[in-house]
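Reader: I am new to this structure and would like to know what stands behind the words used for it. Could you take me through them?

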Amino acid sequence: MQNSALEGLTQALRKLPGVGAKSAARMAFHLLQHDRPGALQIARALDHAVQSIGHCALCNTLSELDVCVTCANPQRDHSKLCVVET
């Protein structure tokens, strides 16, 4: 039976696009066996990003500010709109 912490890490890594069960297990084993400092760096960076990044109130892009730098720019032409798929 697999360790529940290891299984949890593997399942979490599978949430990334294009990462299947084998790739997630390979990443988990690599981080735990060969790069624990890297694993902690990833964990801290992800936690910080989740806590500090939200959506711009005007354009909905990812931003650490309530209104992103682009929307807050006083020189921006508000009559133009750029639409992207994702």
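Author: Gladly. Helices (H or I, at least four residues) and strands (E, at least two) are DSSP runs, numbered from the N terminus. Gln11 is found in helix 1. This is a predicted model, in which local features need pLDDT of at least 70, side-chain atom pairs count only at pLDDT 80 or more, and totals for chains, interfaces and linings use all residues. Residues are numbered from 1 along each chain as its sequence is written, and side-chain values use heavy atoms, with hydrogens and water left out.

Reader: What makes Gln11 count as partly exposed?

Author: Buried means under 20% relative accessible area, exposed over 50%, and partly exposed in between (1.4 Å probe, protein chains only). Gln11 has 42% relative accessibility, so Gln11 counts as partly exposed. Gln11 and Lys22 are eleven residues apart in sequence and 11 Å apart in space, C-alpha to C-alpha.

Reader: Why is Thr10 called buried?

Author: The relative accessible area of Thr10 is 9%, and therefore Thr10 is buried. Thr10 is also found in helix 1. Contact means heavy atoms within 4.5 Å. Leaving aside neighbours within four places in sequence, Thr10 is in contact with Ala21, Ala24, Ala25 and Ala28.

Reader: Why is helix 1 called oblique to helix 2?

Author: Axes are lines fitted to C-alpha atoms, for helices over the stretch in contact, and angles run from 0 to 180 degrees between N-to-C directions. The axes of helix 1 (residues 4-13) and helix 2 come within 8 Å and cross at roughly 125°. That angle makes helix 1 oblique to helix 2, because angles under 35 degrees count as roughly parallel, over 145 as roughly antiparallel, 65 to 115 as roughly perpendicular and the rest as oblique.

Reader: Which residues make the contact between helix 1 and helix 2?

Author: Helix 1 brings Leu6, Leu9, Thr10 and Leu13, while helix 2 brings Ala21, Ala24, Ala25, Met27, Ala28, Phe29 and Leu32. By class, this contact of helix 1 with helix 2 has ten nonpolar, one polar and no charged residues. Ala, Val, Leu, Ile, Met, Phe, Trp, Tyr, Cys and Pro count as nonpolar, Asp, Glu, Lys and Arg as charged, and the others, Gly among them, as polar.

Reader: What makes Leu32 count as partly exposed?

Author: Leu32 has 32% relative accessibility, so Leu32 counts as partly exposed. Leu32 lies in helix 2 (residues 21-34). Not counting residues up to four places away in sequence, Leu32 touches Leu6 and Leu9. Leu32 and Leu6 are 26 residues apart in sequence and 9.0 Å apart in space, C-alpha to C-alpha.

Reader: Where do helix 2 and helix 3 meet?

Author: The axes of helix 2 and helix 3 (residues 36-52) come within 5 Å and cross at roughly 115°. Leu31, Leu32 and His34 of helix 2 make the contact with Arg36, Gly38, Ala39 and Ile42 of helix 3. By class, this contact has four nonpolar, two polar and one charged residues.

Reader: How do you know how many disulfides the structure holds?

Author: A disulfide is a pair of cysteine sulfur atoms within 2.5 Å, and the structure holds zero disulfides. Cys59 is in no disulfide, and the nearest cysteine sulfur, that of Cys71, is 3.7 Å away. Cys68 is in no disulfide either, with the nearest cysteine sulfur, that of Cys71, 3.7 Å away.

Reader: Is Cys68 buried or exposed?

Author: Cys68 has 5% relative accessibility, so Cys68 counts as buried. Cys59, at 39% relative accessibility, counts as partly exposed.
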